[in-house]
Amino acid sequence: MYAVFKRELLSFLSSMVAYITIGIFLLVSGLLLWFFPDTSILDYGYAELDGFFSLVPYLFMFLIPAITMRAFAEERREGTFELLITRPIQIWQIVMAKYLASLVLVLFALIPTIIYYYSISKLGFPEGNIDSGSVIGSYIGLFLLGAAFTSMGIFSSALTKNQIIAFVISAALCAFAFLGFDYSSQIAALQSIENPIHNLGINQHYISISRGVLDTRDLIYFMSFSVLFLLLTNLIIGGKR
Amino acid sequence: MSISVKNLSKHYDKQKAVDAISFEAKPGRILGFLGPNGAGKSTTMRMLTGYLIPTSGEAEIASKSILSDAIEAKKHIGYLPENTPLYADMYVKEFLSFVGQTYQIVNLPARIDEVVKMVGLTPEQHKKIGMLSKGYRQRVGLAQAIIHNPEVLILDEPTAGLDPNQLVDIRQLIKTLGVAKTVVISTHIMQEVEAICDDIIIINRGKIVANDSLEGLKKVYQHQSLEDIFRKLTA
């Protein structure tokens with residue numbers, strides 16, 4: 001499994017995929033956080049990162065599908081999938097390897113943004129006046145959200161040979177999982193089950209973790225979310241033979 | 001027996017791509033797997049290598065079931081799929097090292113050098129796979145199939161699209177490998193069969209229509225050319 005993981009990660013790093021996605025992520029989040037007047041911290045006047053944390057999920061909705069879309073789709077199109085499956089490796093190990101490699105890339109995209117935290121804590125008055133607990137919670141929340149998005153991306157990539165289709169499906173899945181449940185819960189006909197539907201959505205749990213309170217329910221939610229989609233991926237890959 | 005196949009079938013809805021075939025292959029002999037396009041050659045090979053799951057039937061590679069003991073069976077197989085799919089963005093040695101790691105080979109760098117020399121990749125070993133010519137890509141494909149020194153080699157049209165010089169080289173290589181291993185190759189080229197195969201299986205519409213040694217087959221059909229025998233059996 002480690003061999004496949006290493007190959008995946010190196011292929012991200014040796015192609016432009018990693019640099020372009022991470023670069024665009026940092027560029028857009030940097031511009032929105034520091035430069036554009038509507039969202040900029042400097043115009044907002046409060047030294048806090050809340051704006052950044054509510055923005056990143058929307059960027060991830062596009063960036064993570066871009067990272068994961070090739071995972072299985074490209075291998076199936078090129079035929080290299082046949083070489084991979086005929087190695088003495090279990091299918092779940094291949095799925096996990098691809099999932100973890102993409103997740104590491106998401107982590108690489110998040111790490112440089114810690115500098116925003118540092119800058120903002122310097123800008124606070126008095127210096128260092130920032131809610132660190134909430135920031136740490138938000139980073140954990142972002143990582144878990146990224147993990148959930150990645151599992152949906154890997155799943156979508158297993159559905160098709162076409163990378164564009166994989167991208168669109170996973171962006172739609174991410175958007176629905178993040179916002180769709182919230183919106184659906186407001187439908188009048190569903191009023192009696194508004195809360196359960198609301199709780200199915202990622203946003204609800206992300207906000208809860210972002211407050212800096214690590215609730216086991218949220219952790220279990222995110223983990224079972226990833227596990228569910230990885231199991232589905234495993235089923236699809238195994239069933240297509 | 002290195003390969004033993006019993007009533008192996010693969011159905012797609014109502015179409016029987018492979019219909020209850022049985023055969024065996026022995027070490028030290030090269031088995032030619034012949035048949036018209038769409039006869040079920042690749043499907044059979046894909047089932048033996050674990051890429052496709054058979055609808056029914058059973059097969060054993062080196063006495064390991066491909067169904068119940070798939071991972072063990074796969075360790076004994078070297079496989080070159082049709083059209084030689086490879087990761088074009090990887091370097092030759094990087095790719096071979098990746099393949100070697102999936103088999104957990106000890107002393108991998110030495111083994112890679114050995115295999116590179118064996119298949120004649122030395123002059124191109126520092127290039128990216130995507131930059132190689134068809135002939136050299138084929139050699140990389142063979143190198144990844146033999147790197148773990150498997151008992152069984154399954155090669156799906158290993159010489160398709162090669163020029164005459166490359167053809168001779170690759171055939172020679174397969175012949176050398178066939179001395180100690182069980183080799184199954186599929187091909188359309190009859191001269192190739194006469195040049196390297198010891199045993200022949202002809203398959204048509206998912207069924208085996210001939211299974212004999214090359215001499216045996218020629219004796220039965222009174223020394224007709226292999227081409228005529230093939231046409232008679234599969235027309």
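User: Two strands are paired if DSSP finds at least two bridges between them, and strands (E, at least two residues) and helices (H or I, at least four) are DSSP runs numbered from the N terminus. In what order do the 4 strands of the open antiparallel sheet of chain B stand?

Analyst: The model is predicted, so local features need pLDDT of at least 70 and side-chain atom pairs pLDDT 80 or more, while totals for chains, interfaces and linings use all residues. Residues are numbered from 1 along each chain as written, with chains lettered from A and ligands numbered from 1 in written order. In chain B, 4 strands make up an open sheet with antiparallel pairing, in the order β2-β1-β4-β5.

User: Which strands stand at the edges of that sheet in chain B?

Analyst: Each edge strand has a single partner, so one of its sides is left without a neighbour in the sheet. In chain B these strands are β2 (15-25) and β5 (64-65).

User: What angle does helix α1 of chain B make with β1(B)?

Analyst: Helix α1 of chain B, residues 41-48, packs on this sheet and touches β1 (3-12), β2 and β4 of chain B; contact requires C-beta atoms, placed from the backbone, within 7 Å. Axes are lines fitted to C-alpha atoms, for helices over the stretch in contact, and angles between N-to-C directions run from 0 to 180 degrees. Between the directions of α1(B) and β1(B) the angle is about 115°.

User: Which residue takes a positive phi in the hairpin of β1(B) and β2(B)?

Analyst: The strands β1(B) and β2(B) run antiparallel and are joined by 7 bridges. B:H11 has B:K16 in β2(B) as its bridge partner. The hairpin has 2 residues between its strands, and the positive phi, near 50°, belongs to B:D13.

User: What is the average twist of the sheet of 6 strands in chain B?

Analyst: This open sheet has mixed pairing and the order β6-β7-β8-β3-β9-β10 in chain B. Strands β6 (77-80) and β10 (207-213) of chain B are at its edges, each with a single partner strand. From one strand to the next, the twist averages 15°.

User: Which residue in β8(B) is the bridge partner of B:G32?

Analyst: Strands β3 (residues 30-34) and β8 (residues 182-186) of chain B pair in the parallel sense over 4 bridges. The partner of B:G32 in β8(B) is B:I185.

User: At what angle to β9(B) does helix α9 of chain B run?

Analyst: Helix α9 of chain B comprises residues 226-234 and lies across β3, β9 and β10 of chain B. Relative to β9(B), this helix runs at about 35°.

User: Are α9(A) and α13(A) roughly parallel or roughly antiparallel to each other?

Analyst: Helices α9 (residues 132-159) and α13 (residues 216-239) of chain A pack with their axes 9 Å apart, at an angle of about 15°. Angles under 35 degrees count as roughly parallel, over 145 as roughly antiparallel, 65 to 115 as roughly perpendicular and the rest as oblique. The two helices α9(A) and α13(A) are therefore roughly parallel.

Conventions. Two residues are in contact if their C-beta atoms, placed from the backbone, lie within 7 Å.
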